[in-house]
Amino acid sequence: MLTRRWKRSALNNGQAFVSKVIDTQCYESMCTAQDMVTWRLVDDGYTYQLSDANQRSALALAFRMWSEVIPILFLEDTKSPVYDVDILIGFGKDWHLNCPKKFDGRGGTLAHALRRLTATEIHFDDAEILTVNGSGTDLVRLALHEIGHALGLYHSGHNNSAMFPVYQGRFELAWEDRALAQSIYGVCRGSFNTVFDLVRTKPDGKQIYNTFFFRGDHYWLYVNRSNRTRYGDPLQISRYWKGAPSYLDAAVHIFGTTRDLVYLFKVCAGRHFWLYNSTMDQVAAGYPKNISDHFRAIPGSGSRSIPNFLDAVFFDHRDGNLYFFKGNKVYGYDLSRGEEGCCLPGYPRSLSQEFPISKGRRPLPKRLDSVYYSYTDGKMYLMRGSLYWVNIDFDLSSPRRNLVVGPRDIAKRWKDICDVDL
């Protein structure tokens, strides 16, 4: 219940909403299990203050904001029998929608949620001046709060929380809201095609960097300072990485005083890579190219070119070389030799040779999903499935040494990387 004054809601007696359907999304070997909850704006519950499209889109946005932090997909269901829909929504005045609670007119209580016999219901007081991005009472803000109640959350005493009982114009989920919801429903889990940090230079010469997580045909930008993904993610790769392929195998940013190259390596086709111009935000002309044509063997070395169908690629700032991962093998590539740098002396090597495990720890798996350097943490991470390992001997100011500890849970380190679309 959201009011102009403090009022505690007793929705569900504090019990969490229980969804009815389990949906599993898989991208090849990568799966994310998510609950599905359905909702509907009932036929006799629309408001005349907003267009039908505005009402439904505002509600969908509020549901999506919760989907960005917990493993629940909220689906608008306009076809199932009403008794099969999980959350029913409507607008009304005074005595309304066969509800036992009367609205009190403009001001006071703005909305409430209650558990009925077959569904949770959310009601909005139609006596309020309702808007979407306007000067009145914003519907997205109201819905975000009431959906929180439907999920089993009580009011919060912190005014930056979406569950603060007094209406405020701004709307987003605070850390407290996320933590409470996740304590009930758990965190979002899943593995990724690739993860890497992208460095950009601003016009004033300062450098900024963000972490990108890619899965299937979508990606998330991770806001490291907030320890969560950007609001509104994930987004489609094809829409925002112009010319780049979906279902990437690997991505790497070769960055230094004299080099600035972003390479993308493609899943399925497996033989191609793309040079991405991060300044122009588009793939460079003339790409894709064949991996084996560009990353060739050193003449007379007896080595082979870098193989196709790669698992991961890592640029090591410690020695300025590139390392390719395929299966249980690591290929060290000498970037100073241009297109004929395979392989560094002693390579290819096995993963266990390249990354010895700290005593008593679980070994690395036989293949990796991603290997990347975090500019935020100053650490090298190795990932497989929902787990990651840390190279505790990684030090930019020391000779190249590797010693790995793990595994650890990706979802506990990188928060709120959630699928929100079916």
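Keep in mind that this is a predicted model. Start by selecting residues 139-150, which make up helix H2. Leu139, Val140, Arg141, Leu142, Ala143, Leu144, His145, Glu146, Ile147, Gly148, His149 and Ala150 are buried here, so that's twelve out of twelve residues under the 20% relative accessible area cut-off for buried. From its first C-alpha to its last, H2 reaches 16 Å, close to the 16 Å expected at 1.5 Å a residue.

Now look at the two ends. At the start of H2, pick Asp138: one of its side-chain oxygens comes to within 2.9 Å of the backbone nitrogen of Val140.

Next stop, the cysteines. How many disulfides does the model have? The count is two.

Select Cys188 and Cys418 for one of them, with an S to S distance of 1.9 Å. Cys188 sits in the loop between helix H3 (175-185) and strand E10 (194-201), while Cys418 is in the segment after helix H7 (410-413), so this pair ties together parts that are 230 residues apart in sequence. Zoom in on the S-S bond: its torsion is about 95°, so the disulfide is right-handed. Cys188 is buried at 10% relative accessible area, and Cys418 is buried at 1%.

For another disulfide, select Cys342 and Cys343, whose sulfur atoms are 2.2 Å apart. Cys342 is buried with a relative accessible area of 0%, and Cys343 is buried at 9%.

Finish at Cys99, which counts as buried at 7% relative accessibility.

Conventions. Residues numbered from 1 in each chain as written. Predicted model: local features only at pLDDT ≥ 70, side-chain atom pairs only at ≥ 80, totals over all residues. Heavy atoms only, no water. Helix = DSSP H or I, 4+ residues; strand = E, 2+ residues; numbered from the N terminus. Expected span 1.5 Å × (residues − 1). Buried < 20%, exposed > 50% of the residue type's maximum accessible area, 1.4 Å probe, protein only. Polar contact = N/O pair within 3.5 Å; in protein donor to acceptor, adjacent residues only side chain to side chain. Disulfide = S-S within 2.5 Å.
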